[in-house]
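The paragraphs below go from a single residue to the whole chain and then back to particular elements.

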Amino acid sequence: MGMLATRDWYDLARQTNWTPKYISTEQMFPPQFSDGYGIGMEFWEEFDEPYKVTYRDYVQTQREKEVGAYSVKSATSRSEFYRKAEPGWKSMLQFHFGSIPFVEYGSVSAFARMTRFGKAPGMRNMATFGSLDETRHSQIQMFFGYEFIGEHRAFDWAHKAPNTDNWVVISERHCFDDVEHTRDAVSSAIMTNFSFEQGFTNLQFIALSADAKKYGDYSFSAMLQTVQSDEARHSQIGEPLIEIMLKAGRKEEAQRLIDISFWRVWKQFSALSGVSIDYYTPLERREHSFKEFVENFVCTQFLRNLNALGLDKPWYWDDHFLPDINTYHHAQQIGIYLYRATQWWDAVAGVSPRERDWLEQKYPGWNDTFGQTWGVIIENVLSGRTDRTEPQFLPMFCNMTGLELTGIPGKNWKVKAEHLDLDGRRYHFGSPVDKWIFELEPERYKGHLSFIDRFVAGLMPAGPEGAFEYMNMPVGDRGVCGDNYAWANGYRNRAAAE
Ligand SMILES: [Fe+2]
Ligand SMILES: [Fe+2]
């Protein structure tokens with residue numbers, strides 16, 4: 001029996017819009033879930049997805065990808081690989097598998113909302129595949145992570161993380177709830193598909209996959225690639241939506257959605273991918289610095305796409321984003337190392353003398369700034385006072401990012417906390433951009449309590465163990481130095497020689 005070619009039936013088959021008889025269009029597509037901008041149906045009819053796929057093709061391609069990734073996994077002895085891996089690589093795997101799967105799982109529902117409430121049939125079609133993609137991303141990453149559960153307790157967090165109030169998890173939830181889950185389908189699709197997926201997932205899934213390949217972690221690399229190839233497809237929902245917004249005279253609103261989500265997701269990826277790439281990946285296996293990856297994927301490719309659509313770079317690009325590329329993840333890494341007990345993974349410092357040379361070469365001025373703080377940590381480690389490298393008090397958190405408030409230490413000292421007083425409460429922000437986002441819509445953000453706010457509000461059990469109990473982290477489930485201070489040995493020898 002002859003079969004029609006896809007191009008002969010695709011457009012016809014996916015034009016499934018109809019005019020409802022018994023309810024109004026408004027009831028079928030409530031603005032708060034669907035399109036908060038009141039864009040007319042005539043615009044939605046023109047939605048044209050750049051990447052067309054049918055269910056039959058989809059299933060076949062996905063099956064092949066799965067078979068590929070799972071056979072690499074079963075061909076390589078993963079436990080053996082893990083045992084032999086360098087401590088930094090272990091930190092990275094532990095961090096990744098605790099942080100990513102639940103965000104993927106959340107994305108299933110974000111796409112499902114686009115499937116139900118998107119007004120354009122092409123958008124609903126692509127989003128249906130998006131939901132299936134994200135289901136697969138949750139499953140494969142949980143499965144690959146769980147393989148190591150006999151090797152290290154941290155991999156339990158692939159499943160456990162979202163059910164805790166760990167501070168890292170609170171920070172992630174705050175960002176992705178805002179971007180993916182609490183806005184109408186049009187807004188969250190632009191924020192999720194365009195800013196988050198097109199802007200940043202490359203950093204964790206392509207950059208890290210290149211490092212993984214170089215490191216010989218073929219199954220992690222293959223797994224990341226299967227995920228990113230889906231991202232490359234479903235992230236394309238964003239572009240036709242932005243085009244429709246512009247045609248309907250909604251440029252200002254589209255730009256604002258990008259400006260908010262770009263910053264929010266940048267902060268998350270800076271802490272996750274920035275630390276993983278510049279501090280955890282073993283030195284010999286680093287493909288590029290995090291900054292070089294950002295310059296390529298974000299400053300070049302993403303910006304080009306943004307401009308091609310007729311939008312501008314976010315207002316804070318030159319004054320806040322570009323400087324942040326050189327600084328933010330370095331500052332976060334210091335906090336992550338110091339507060340290692342509060343995280344599920346065993347963090348390495350990644351600042352042995354040779355690694356410092358690399359950091360100084362990639363980030364000129366690193367020694368005079370972040371290196372100065374590490375100098376104090378090194379002194380304490382060398383004199384056997386490792387207790388002094390673990391602060392006994394909680395840090396201040398940004399009320400937008402949920403991450404530690406940081407600045408630039410050392411010779412270029414630049415630490416300035418922004419704050420805002422509202423309804424008898426003081427809110428702290430890590431940057432003017434975080435404050436700007438808050439002030440756009442205080443009602444959206446003001447009820448949230450950061451980790452430190454919860455402590456002050458008495459929500460945690462009393463005593464020194466209170467914060468750990470609150471995070472569901474009994475003794476034995478807390479991070480320790482990933483290489484048991486071996487990183488400082490180079491300085492020990494140097495001190496002895498002097
Ligand atoms: Fe995903
Ligand atoms: Fe995705």
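A residue is called buried here if 20 or more other C-beta atoms lie within 10 Å of its own, exposed if 12 or fewer do, and partly exposed in between, with the C-beta atoms placed from the backbone. The structure to which this rule is applied is a predicted model, and every value that follows is computed from it.

Leu 420, by contrast, is 240 residues away along the chain, and its C-alpha atom is separated from that of Glu 180 by 26 Å.

Turning to the chain as a whole, one finds 24 helices and 2 strands. A compact globule of 498 residues would have a radius of gyration near 23 Å, so the 24 Å of the protein chain agrees with that expectation. Along the principal axes, the C-alpha atoms fill a box of roughly 80 × 60 × 45 Å. Of the 498 residues, 44% count as buried, and among contacts between residues at least 6 apart in sequence, 79% join residues at least 24 apart.

The largest nonpolar core has 118 residues, of which Met 114, Ile 190, Met 223, Leu 241 and Val 265 touch the most other members. Helix H15, residues 251-280, supplies the largest share of this core, with 15 residues. For Leu 241, the residues touched beyond four places in sequence are Val 186, Ala 189 and Ile 190.

The strands form another part of the picture. S1 and S2 run antiparallel and are joined by 5 bridges, with His 419 standing opposite His 428 in S2. The hairpin that they make has 2 residues between the strands, and Asp 423 is found in this loop, between S1 (418-422) and S2 (425-429). Asp 423 counts as exposed, because it has 6 C-beta neighbours inside 10 Å.

Most residues other than glycine have a negative phi. Asp 423, although it is not a glycine, has a positive phi of about 45 degrees. Asn 472 is likewise not a glycine and has a positive phi, in this case of about 60 degrees. Asn 472 lies in the loop between helix H23 (466-470) and helix H24 (489-497), and with 14 C-beta neighbours inside 10 Å it counts as partly exposed.

Conventions
Residues numbered from 1 in each chain as written. Chains lettered and ligands numbered in written order. Predicted model: local features only at pLDDT ≥ 70, side-chain atom pairs only at ≥ 80, totals over all residues. Helix = DSSP H or I, 4+ residues; strand = E, 2+ residues; numbered from the N terminus. Rg over C-alpha atoms; globule rule 2.2 N^0.38 Å. Contact = placed C-beta atoms within 7 Å. Core = buried A, V, L, I, M, F, W, Y, C linked by C-beta atoms within 7 Å. Pairing = 2+ DSSP bridges.
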